[in-house]
Amino acid sequence: MKLVIQGKNIEITDAIREYVHQKIEKAVNHFQTLTTEVDVHLSVARNPRINPKQTAEVTIYANGTVVRAEESSENLYASIDLVSNKIARQLRKYKEKRQDKQHAPVKTAEVLADEPVAPTLVSDRTPELPTEVVRMKYFAMPPMTIQQALEQLELVDHDFYMFRNIETGEINVIYERNHGGYGVIQPRNGNGHTNGKHHSKATHTAHVEAANASRG
C-alpha cells in the first residue's frame, strides 16, 4: 500500500509522519486487499477567523473507487484520530456494498441496459442478428400449468419464461405484455391451429389465467 503525506501551512515532522502511519495503517488494516494508495493531506488555516483550524483529509483509492474523509479540530493529532476512525467506517461500508453486489442476482436490465442507437450505425445498412451463438443454457423443463409458469416468471425476474405445457406437452412461452397482463405463445401446426388435442382449452386457459394474474 502506497501512503503519501502532504502538508499545507505546516511542516510534516517525523513525529507527525509516524503518527499518521500508525493511525492510517490501523484504519485500513482489514481492507488492504482493496486499497492501492492512500493520500493524506494535513493543513493549518492561517486565517484566525477559521475555527477549527487543524484539518486532516484522507483519500483512498480502492480498486478504481475513491473513498474520502475529512475532519477538523483545534488539534492536528485529534483531527488525525477523527479522520482515521471515519475512513475506517467508510471503507467498511464500501466493502459491505461490494459484497452485496457480488452476491446479488444479476438482473436482465443491468446486463442489457437500454441505450439509444446512433443513427449513423444503422442508416446505411440492414440490421443483422449476431452470426454466432455466444452462450448455451441448459435447464430442466418439467411439465407445468400456465399458472405455475406464471409463478415461475415472477420469481426469475425476466419478462418471459419458457415451459412445457402440462396439457399439450408442447413448449410454450409466457411473457409480460407491454400494456399490462400476460400472454402465452404456443406453436402452430400446418393448418394454423395449435398442436395437441387440448389446444383450444389451453389457449382459453392462457388468456383467463393471465388476465386474472394481471388483476391480482
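Trainee: How many aromatic pairs does the structure hold?
Mentor: The model is a predicted one. Rings of Phe, Tyr and Trp pair if their centres lie within 6.5 Å. On that basis, the number of aromatic pairs in the structure is one.

Trainee: Is the pair of Tyr19 and Tyr77 stacked, edge-to-face or tilted?
Mentor: A pair of aromatic rings is described by the distance of the centres and the angle of the planes. For Tyr19 and Tyr77 the centres are 4.9 Å apart and the planes stand at 75°. Planes over 60 degrees apart count as edge-to-face. The pair is therefore edge-to-face.

Trainee: How many residues apart in sequence are the parts that this pair ties together?
Mentor: Tyr19 lies in helix H1, residues 14-27. Tyr77 lies in helix H2, residues 76-103, so the pair ties together parts whose separation in sequence is 58 residues.

Trainee: Is Tyr77 buried, partly exposed or exposed?
Mentor: Buried means under 20% relative accessible area, and exposed means over 50%. Tyr77 has 32% relative accessibility, so Tyr77 counts as partly exposed.

Trainee: Which residues does His21 touch, not counting residues up to four places away in sequence?
Mentor: His21 is found in helix H1. At 27% relative accessibility, His21 counts as partly exposed. Its C-alpha atom is separated by 9.7 Å from that of Val4, 17 residues apart along the chain. With those sequence neighbours not counted, His21 touches Leu3 and Ile5.

Trainee: Which residue in E3 stands opposite Val38?
Mentor: Strand E2 (residues 37-44) pairs with E3 in the antiparallel sense over eight bridges. Strand E3 covers residues 54-62, and seven of its nine residues are buried. The residue in E3 opposite Val38 is Ile60.

Trainee: Which element gives the most to the largest nonpolar core?
Mentor: This core has 26 residues, and Val20, Val40, Leu42, Val58 and Ile60 touch the most other members. Strands E1 (2-8), E2, E3 and E4 (65-73), with H1 and H2, each supply at least two residues. With seven residues, the element that gives the most is H2.

Trainee: Which strands stand at the edges of the open sheet of four strands?
Mentor: The order of this sheet is E5-E6-E7-E8, with mixed pairing. E7 (residues 171-176) and E8 pair in the antiparallel sense over four bridges. Each edge strand has a single partner strand, so one side of each is left without a neighbour in the sheet. The edge strands are E5 (143-144) and E8 (182-185).

Conventions
Residues numbered from 1 in each chain as written. Predicted model: local features only at pLDDT ≥ 70, side-chain atom pairs only at ≥ 80, totals over all residues. Heavy atoms only, no water. Phe/Tyr/Trp six-rings, centres within 6.5 Å; stacked < 30°, edge-to-face > 60°. Buried < 20%, exposed > 50% of the residue type's maximum accessible area, 1.4 Å probe, protein only. Pairing = 2+ DSSP bridges. Contact = heavy atoms within 4.5 Å. Core = buried A, V, L, I, M, F, W, Y, C linked by side-chain atoms within 4.5 Å.
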